[in-house]
Every structure is written in structure tokens, then in C-alpha cells.
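Grab a pencil and let's work through a few exercises together. Have a look at the protein below, then try each task before reading its solution.

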Amino acid sequence: MENGAAQPVIVAIDGPSGTGKSSTSKAVAAQLGLSYLDTGAQYRAITWWMVTNGIDIQDPSAIAAVAGKPEIVSGTDPKDPTITVDGTDVAGPIRGQDVTSKVSAVSAVPEVRARITELQRSIAASAVTGIVVEGRDIGTTVLPDADLKIFLTASAEARAARRSGELKGADLHTTREALVQRDAADSSRKTSPLAKAGDAVEVDTTELTLTQVIECVVTLVEEKRAGK
Ligand SMILES: Nc1ncnc2c1ncn2[C@@H]1O[C@H](COP(=O)(O)OP(=O)(O)O)[C@@H](O)[C@H]1O
Ligand SMILES: Nc1ccn([C@@H]2O[C@H](COP(=O)(O)OP(=O)(O)O)[C@@H](O)[C@H]2O)c(=O)n1
């Protein structure tokens, strides 16, 4: 389109846990009038369903056999993102320790990834003004043609401190160990591991405030839109 009629803009934000993906993505999307998709919430939601239905998390073939069953719906308003499974609001339970400790095993199963990836692509394709999609494999696998790809990083210490702050004073060492372990599992799985796309812009957020990270990403999106 020419003369200012904006094309939908697709922004992929990837990175390990606690680098600021969710906070940054929501703020950038709200500021720019874009939709927002938290793909981690979708993997957490399918994990919640597996746990609730007594599926053996150690058995990839058992997970694969039922991967198509739960209906996962994501609300993409950055000011009020929602997530339901078969009509039940699971926004609270998916953040619990039980789901967090099992999500890497469930999300490593190729049938789970195929199902969720298809859902993510259809949500992105239907975003009228565009969308900010955050996760682990968005730039590499889900939306390889995204207009802008960002890869957020931060030291394990900074990420653990941020997370234990959220978990109301959870032990820093335990939080750090769990986080590093989950990153290792996510980075080493065979199917679309956590990885930086070759054409992604890497932003180390260790020494940046959240406001600085948001400003940085908004500027990058605006530069892209201006055709720089
Ligand atoms: N640059 C930053 N500096 C300090 N705290 C941050 C920064 N970015 C995010 N946070 C805080 O760290 C926590 C984790 O951020 P979040 O956006 O959920 O990360 P992710 O989605 O990558 O796991 C949140 O409490 C958030 O407010
Ligand atoms: N695109 C994605 C997003 C999340 N995930 C999985 O989902 C888990 C939870 O993601 P999340 O974004 O909610 O995690 P946090 O960064 O919030 O801790 C990750 O640890 C991955 O196992 C994935 O495999 N691919």
C-alpha cells in the first residue's frame, strides 16, 4: 500500500525467561495499537490441560496422542490478554509452580508444537493492524517473515532477581537454578528450540530499565515502518 495506509506489522520477540518479553511486548503493542500474543501462555495452557487430565508428562507419545484435544483460545488485546482452555479461564493456574516445572517437557513434543504453531500463525494472519508475538521460536520458526525480530537477553542473575521479585521473595538461588534448567531444556530440544534468528536484533536488558527496553523496541518498529 502507498501513501501512508499502514500495512499490518509483525513483530517477533524471543528470548529466555525473565528477559522482559511479556512486559515489553504488551507495552509496545499497546503503544502502537497492535495485537499481542503470549505464546508461552499457550504452551502453559496445554500443559495445564495435560496435568489436569492425568496425562503422563514423562511419556511423549501419550502427550502426542492427545495434543489435538484441548481448545486453546488467546485474547490478543495487550491491555487485557486472556487465555482459556475449553472455555475455562486458566490465566492464574498456568503461572503455578506445577505447570512451570512441566511446560518444557510438554512443549518439546513435536505434535504439541505443530498444533500450537498453526494456531499462532492463524492468529497473526488475522491481526488487522499487526501483532507483537513473543516466545522462543517466533523469529526462527513460527513467523520467519516477521517485519522485525528482536532477541532479548539478560544475565541469569538479573533474570532470577526479576522473577523472585514477582514470586514474592522466592529464594534467589532456587529461582536461578530452575530458570537456567528450563532455558537449557528449551534450547536443547530437537524441534524449534529457543534460538536467536540470524536476522534478529539482540538487546541485552541486564542494565536497562523496562522503559528503556520499550523505547528501544518502539523506535525499531517505527524505523521499520518508515522503511529505513
Ligand atoms: N529491563 C527490566 N528491568 C527490570 N525489571 C524488568 C525489566 N524487564 C522486565 N522486568 C520485570 O521482570 C519480570 C519478568 O519480566 P517478563 O516481561 O515477564 O519476562 P519474560 O516474559 O521474558 O519472562 C517482570 O516482573 C518485569 O516487570
Ligand atoms: N514460543 C514458545 C514459547 C514458550 N515455550 C515454552 O513455554 C515455556 C513457558 O514460556 P513463558 O514465556 O511463559 O515463560 P516465562 O518466560 O514467562 O517464564 C517455555 O519455558 C518453553 O518451554 C516454547 O516452547 N515456545
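**Exercise 1.** What percentage of the 228 residues in the protein do buried residues make up?

*Solution.* Start with the ground rules: this is a predicted model, where local features need pLDDT of at least 70, side-chain atom pairs count only at pLDDT 80 or more, and totals for chains, interfaces and linings use all residues. Residues are numbered from 1 along each chain as its sequence is written, and side-chain values use heavy atoms, with hydrogens and water left out. Next, the term: buried means under 20% relative accessible area, exposed over 50%, and partly exposed in between (1.4 Å probe, protein chains only). The buried share comes out at 46%.

**Exercise 2.** Is P16 buried or exposed?

*Solution.* First find P16: it sits in the loop between β1 (9-14) and α1 (21-32). Helices (H or I, at least four residues) and strands (E, at least two) are DSSP runs, numbered from the N terminus. Now check the value: P16 counts as buried because its relative accessibility is 13%. Then list its neighbours, using contact as heavy atoms within 4.5 Å. Leaving out residues up to four places away in sequence, P16 touches K21, R136, F151, L152, R159, D183 and L194.

**Exercise 3.** Where is the place of S23?

*Solution.* S23 belongs to helix α1. With 34% relative accessibility, S23 counts as partly exposed. Finally, check the record: an unreviewed UniProt entry lists residues including P16 and S23 under "binding site", though such annotations may be inferred rather than shown by experiment.

Notes: Chains are lettered from A and ligands numbered from 1 in the order in which they are written.
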